[in-house]
Amino acid sequence: MERQAEGFKEQGNAYYSKKDYSEAFNYYTKAIDVCPKNASYYGNRAATLMMLCRFREALEDSQQAVRLDDCFMKGHLREGKCHLSLGNGMAASRCFLKVLELDPSNREAQQEKKNAAALLEYEQMADFAFEKQDFRKVVYCMDRALASASACHRFKILKAECLALLGRYPEAQSVASDILRMDSTNADALYVRGLCLYYEDCIDKAVQFFVQALRMAPDHEKARLACRNAKALKAKKEEGNKAFKNNNFEAAYLLYTDALMIDPNNIKTNAKLYCNRATAGAKVGCCTRLRKGLSDRENFRLAAMLA
C-alpha cells in the first residue's frame, strides 16, 4: 500500500514539475486515498492547490498535514501562506512563528512574518481611514494589502465600496462582479453592486440588489440602510412629481425638499431634485420662493458638474 502511494506521489511530483497542477492534484489525491495518514501527501496537495489559487482547500490540506505531524515545517509554512492569501494576518503570523520555532534561520518564514505584520498594519490603517471617510486612503491600503492577500474577498469588497463612495463606479462594479462570478451569494458584493446603481440614479435596480443582499445576509446593516434610503428617495421624488403634475407646486416644492434631505451623497439623483425644486419654486409665484428657485438652479448646476 505504501509503495503504491509513493508511486502516486512520484507521478504527482513529475506533473507538478511540469506545471500540470491539475494532474498533480489528481495523483496526490490518489496517494492520500491509499495512505490518508501521511502528512507529506497533504502538504504536496496543498502546494498544488495554492498554484491553482484554491487557497481555502489548500488551507484545509495544510492544516490536516500539521495535525498529522506537528513538526512538518512545510505544512506550517503553507498554512501560513494560505492564511496570508485569504487575508488573515494574525493566523498567518502564528504559523510563521511556529516555523521559526522549528528553524530560527528560515528566511522564507522571516520574510512572510514581515508580510503578515504589514498586512495587519494596512488593515488597521484602512479601518481608521474608513471611519474618517478618507476613502482614497482606504483604497490605497487595500491595494497594498491585496498584494499579499490576493484571495481576500473582504479586502476586495472594502476597496470596491470605497471606489463607489468616491464615484468610481465602473471600477467598483468590476471588483464586485468578479467576486459574484465566483460566489453569486456574496451579500457584500451584492450590496456594492446595488450601491453603484443607487448612486448612478438607477434606483429600482439598486433596490433589487439590496433586497438580494438582505436575503443572503438578513443582518447586513449597510444594505438595509441603503435599501431604506433608496425606497424613501424614490417615493418622495414620485410624490413631488405627482403634486407638480396636479399643479400643487408648493406641496411639490416641500416634497422635493424632503427628498433632498434623505441622502446628501446621492449627487445624481439630488441634481434632478434640485432642478425639479427650482421649477416648483418658480411656479409658486411669491418672491421668496422665486429667489429660492434661482438658488436651486445654481445648486443644480453645481451638482450636475459634480455628477
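## Helices 2 and 3

In this predicted model, helix 2 contributes Tyr-21, Ala-24, Phe-25, Tyr-28, Thr-29, Ala-31 and Ile-32 to a contact in which helix 3 takes part through Tyr-41, Tyr-42, Asn-44, Arg-45, Thr-48, Leu-49 and Met-51. Sorted by class, the residues of this contact comprise ten nonpolar, three polar and one charged.

The axes of helix 2, spanning residues 21–34, and helix 3, spanning residues 39–51, come within 9 Å of each other and cross at roughly 160 degrees. Because angles over 145 degrees count as roughly antiparallel, helix 2 is roughly antiparallel to helix 3, and the crossing of the two is left-handed.

## Helices 6 and 7

Helix 6 (residues 89–102) packs against helix 7 (residues 107–131) at an angle of about 160 degrees, and their axes lie 9 Å apart. Helix 6 is therefore roughly antiparallel to helix 7, with a left-handed crossing.

On the side of helix 6 the contact is made by Gly-89, Met-90, Ala-92, Ser-93, Phe-96, Leu-97, Val-99 and Leu-100, while helix 7 supplies Ala-109, Gln-110, Glu-112, Lys-113, Ala-116, Leu-119 and Leu-120. By class, this contact has ten nonpolar, three polar and two charged residues.

In the model, residues 73–106 are 79% helix and 0% strand, with the end C-alpha atoms 10 Å apart. For residues 233–266 the corresponding values are 74% helix and 0% strand, and the end C-alpha atoms are 10 Å apart.

How values were computed. Residues numbered from 1 in each chain as written. Predicted model: local features only at pLDDT ≥ 70, side-chain atom pairs only at ≥ 80, totals over all residues. Heavy atoms only, no water. Helix = DSSP H or I, 4+ residues; strand = E, 2+ residues; numbered from the N terminus. Axes fitted to C-alpha atoms, helices over the stretch in contact; angles between N-to-C directions. Parallel < 35°, antiparallel > 145°, perpendicular 65-115°, else oblique. Left-handed = near helix turned anticlockwise from the far one by under 90°. Contact = heavy atoms within 4.5 Å. Nonpolar A, V, L, I, M, F, W, Y, C, P; charged D, E, K, R; others polar.
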